[in-house]
Amino acid sequence: MFIGTIVWYDEPMEPKQHNSKLDKAFRISLMLKAIDSVLEILGGILLLVVSANFINSTVALLTRHELSQDPHDFIANHLLRATNDFATGSKYFAAFYLLSHGIVKIVIILALFKEKMWAYPAMIVVLGAFIAYQLYRLTFKLSISLVLLTIFDIFVVWLTWQEYKKHRVRKVLSSEDQ
């Protein structure tokens with residue numbers, strides 16, 4: 001005797017295909033954003049468990065040699081200034097900032113990999129807010145890394161929009177067939 005579930009399909013099931021260059025670019029950009037999100041979460045957790053004094057003394061130790069050779073080294077001085085701010089309480093803001101960004105992005109990215117329709121506009125809105133904030137920060141000080149991140153985020157928004165349009169059309173077409 002056969003016990004099981006019988007599922008009847010009106011149409012043959014087609015595997016999800018991600019063959020176009022845009023599909024591949026979208027998936028790669030999501031993977032990069034996922035890695036970035038995990039690193040943000042880990043960084044936020046690290047900021048919460050490590051003392052500000054330990055961070056300051058570690059950065060001072062790591063930059064001491066470079067600053068002895070070049071007291072005006074941009075990166076070393078920037079790192080020292082950034083870690084000195086932790087002593088004034090910005091450590092908790094930085095931890096909150098990293099954790100909230102990382103968690104929100106990873107949730108949306110996981111939903112995008114599952115092709116949840118709500119995740120496409122959510123990703124566009126979230127990245128749009130990040131882009132606006134990054135542009136605001138750039139008005140104070142030019143940062144090549146922030147410019148590159150902003151350009152990448154704009155590209156991801158564009159890719160997300162393209163994927164959303166494609167999935168929306170597919171969903172409309174499949175609902176008309178029923």
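Me: How many salt bridges does the structure hold?
Reply: The structure holds five salt bridges, a salt bridge being a side-chain nitrogen of Lys or Arg within 4 Å of a carboxyl oxygen of Asp or Glu. This is a predicted model, in which local features need pLDDT of at least 70 and side-chain atom pairs count only at pLDDT 80 or more, while totals for chains, interfaces and linings use all residues. Residues are numbered from 1 along each chain as its sequence is written, and side-chain values use heavy atoms, with hydrogens and water left out.

Me: OK, which residue does K33 meet in a salt bridge?
Reply: The side chain of K33 meets that of D153, with an N to O distance of 2.3 Å. This pair links distant parts of the chain, since K33 sits in helix α1 (residues 21-49) and D153 in helix α5, 120 residues apart. Helices here are DSSP runs of H or I with at least four residues, strands are runs of E with at least two, and both are numbered from the N terminus.

Me: Is K33 buried or exposed?
Reply: K33 counts as buried because its relative accessibility is 2%, and D153 is buried too, with a relative accessible area of 1%. Buried means under 20% relative accessible area, exposed means over 50%, and partly exposed lies in between, using a 1.4 Å probe and protein chains only.

Me: And what does K105 pair with, and how far apart are the closest N and O atoms?
Reply: K105 forms a salt bridge with D36, where the closest N and O atoms are 2.7 Å apart. That pair also links distant parts of the chain, with K105 in helix α3 (residues 74-113) and D36 in helix α1, 69 residues apart. K105 is buried at a relative accessible area of 3%, whereas D36 counts as partly exposed at 27% relative accessibility.

Me: Where does E40 come in, which residue does E40 bridge to?
Reply: E40 forms a salt bridge with K105 as well, the closest N and O atoms being 3.3 Å apart. E40 lies in helix α1 and K105 in helix α3, so the pair ties together parts that are 65 residues apart in sequence. Both E40 and K105 are buried.

Me: Which residues are linked in a network of salt bridges?
Reply: A network of salt bridges links D23, E163 and K166.

Me: Changing topic, how many helices and strands does the protein chain have?
Reply: The protein chain has five helices and zero strands, which gives the pattern α-α-α-α-α when read along the sequence. Of its 178 residues, 31% are buried.

Me: What about the largest nonpolar core, which residues touch the most other members?
Reply: That core has 22 residues, and F26, L30, I108, L112, M123 and L127 touch the most other members. A nonpolar core is a set of buried Ala, Val, Leu, Ile, Met, Phe, Trp, Tyr and Cys residues joined through side-chain atoms within 4.5 Å. Helices α1, α3, α4 (119-138) and α5 each supply at least two residues of this core, and α4 gives the most, with eight residues.

Me: What is F26 in contact with?
Reply: Leaving aside neighbours within four places in sequence, F26 is in contact with L112, Y120, L159, T160 and E163, where contact means heavy atoms within 4.5 Å.

Me: T160 is on that list, so where does T160 lie, and is T160 buried or exposed?
Reply: T160 lies in helix α5 (residues 144-177), and T160 counts as buried because its relative accessibility is 0%. Not counting residues up to four places away in sequence, T160 touches F26, Y120, M123 and I124.

Me: Now the rings, how many aromatic pairs are there?
Reply: The count comes to eight aromatic pairs. Rings of Phe, Tyr and Trp (its six-membered ring) pair if their centres lie within 6.5 Å, with planes under 30 degrees apart counted as stacked, over 60 as edge-to-face and the rest as tilted. One of them, Y136 with F140, is edge-to-face, at 4.9 Å centre to centre and 85° between the planes.

Me: Which aromatic cluster do Y136 and F140 belong to?
Reply: F93, Y97, Y133, Y136 and F140 form one aromatic cluster. Y136 is partly exposed, with a relative accessible area of 48%, while F140 counts as exposed at 60% relative accessibility.
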